[in-house]
Amino acid sequence: MTSTDLPEQDAPRYVRLTIELIAEITDEGALKAAALTQVAEDEYLEDDERAQAVEAIEVDPTGSLAHFVDPVALLGDIPGVELASATWESASTDYDPDDESWDEYEVQ
């Protein structure tokens with residue numbers, strides 16, 4: 001490999017970071033109330049976006065949880081890194097804590 005084969009130092013390089021979390025909702029009412037408060041206080045939401053967010057929260061607790069995911073906070077304090085794009089979703093899963101195949105995901 002020659003120096004001409006290496007990427008330029010100033011050229012942007014992108015990294016796809018995949019994270020999977022499984023959260024247990026222990027108090028659906030508290031989660032829903034907190035999500036509704038967050039949506040009500042979000043100054044950047046347009047009225048139609050706010051209405052869609054409230055509807056999602058009312059329908060399913062996974063919609064509530066999604067409002068607390070902040071990819072900017074994950075990368076915000078890392079020098080030399082800027083968030084280029086982020087997407088995420090929350091959905092119910094058939095997690096079984098007694099199933100040994102899930103052991104690799106356990107929080108220690």
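A residue is called exposed when its relative accessible area is over 50%, buried when that value is under 20%, and partly exposed in between. By this rule Ala40 counts as exposed, because its relative accessible area is 56%. The model described here is predicted.

## The chain as a whole

The chain holds four helices and zero strands. Along the sequence, the elements follow the pattern α-α-α-α. Of the 108 residues in the chain, 10% are buried. The chain exposes about 9,600 Å², and carbon and sulfur atoms supply 49% of that area. Some contacts join residues at least 6 apart in sequence; among these, 47% join residues at least 24 apart.

## Helix H1

Helix H1 covers residues 28–41. H1 has 14 residues, and the distance from its first C-alpha to its last is 20 Å. That value is close to the 20 Å expected at 1.5 Å a residue.

Which residues of H1 are buried? They are Leu31, Ala35 and Val39. These residues lie on the same side of H1, because they cover an arc of only 65 degrees around the axis. An α-helix has 3.6 residues a turn, so residues three or four places apart point the same way. The buried residues of H1 pack against H2 and H3.

The face of H1 turned away from the buried side carries the exposed residues Ala40 and Glu41.

Ala33 is another residue of helix H1. Ala33 counts as partly exposed because its relative accessibility is 40%, a value between the limits of 20% and 50%. Ala33 and Ile57 are 24 residues apart in sequence, and their C-alpha atoms are 9.2 Å apart in space.

Glu58 is in helix H2 (residues 47–59) and Lys32 is in helix H1, so the pair links distant parts of the chain, 26 residues apart.

Are the two partners buried, exposed or partly exposed? Glu58 is partly exposed, with a relative accessible area of 44%. Lys32 is also partly exposed, with a relative accessible area of 29%.

## Helix H3

Helix H3 covers residues 61–66, and Ser64 is one of its residues. Ser64 is buried, because its relative accessible area is 1%. Leaving aside neighbours within four places in sequence, Ser64 is in contact with Leu31, Lys32, Ala35 and Ile57.

With 13% relative accessibility, Thr62 counts as buried. What does Thr62 touch, not counting residues up to four places away in sequence? Thr62 touches Ser90, Ala91 and Ser92.

## Helix H4 and the segment after it

Leu74 has its place in helix H4 (residues 71–75). Leu74 counts as exposed because its relative accessibility is 56%. Leu74 also belongs to a nonpolar patch on the surface, together with Leu17, Ile19 and Leu21. The four residues have about 480 Å² of accessible area together.

Thr93 is found in the segment after H4. At 48% relative accessibility, Thr93 counts as partly exposed. Thr93 and Ala23 are 70 residues apart in sequence, while their C-alpha atoms are 9.8 Å apart in space.

## C-alpha distances side by side

The table gathers the C-alpha distances described above.

| Pair | Separation in sequence | C-alpha to C-alpha distance |
|---|---|---|
| Ala33 and Ile57 | 24 residues | 9.2 Å |
| Thr93 and Ala23 | 70 residues | 9.8 Å |

Methods: Residues are numbered from 1 along each chain as its sequence is written. This is a predicted model: local features need pLDDT of at least 70, side-chain atom pairs count only at pLDDT 80 or more; totals for chains, interfaces and linings use all residues. Side-chain values use heavy atoms; hydrogens and water are left out. Helices (H or I, at least four residues) and strands (E, at least two) are DSSP runs, numbered from the N terminus. Buried means under 20% relative accessible area, exposed over 50%, partly exposed in between (1.4 Å probe, protein chains only). Contact means heavy atoms within 4.5 Å. Patches are made of residues with over 30% relative accessible area and no salt bridge: like charges are joined within 9 Å, nonpolar side chains (Val, Leu, Ile, Met, Phe, Trp, Tyr) within 5 Å. Accessible areas come from the Shrake-Rupley method with a 1.4 Å probe; for residues, only the protein chains shown count as cover. A salt bridge is a side-chain nitrogen of Lys or Arg within 4 Å of a carboxyl oxygen of Asp or Glu. The expected span of a helix is 1.5 Å times one less than its number of residues. The arc is that of the directions from the helix axis to the C-beta atoms.
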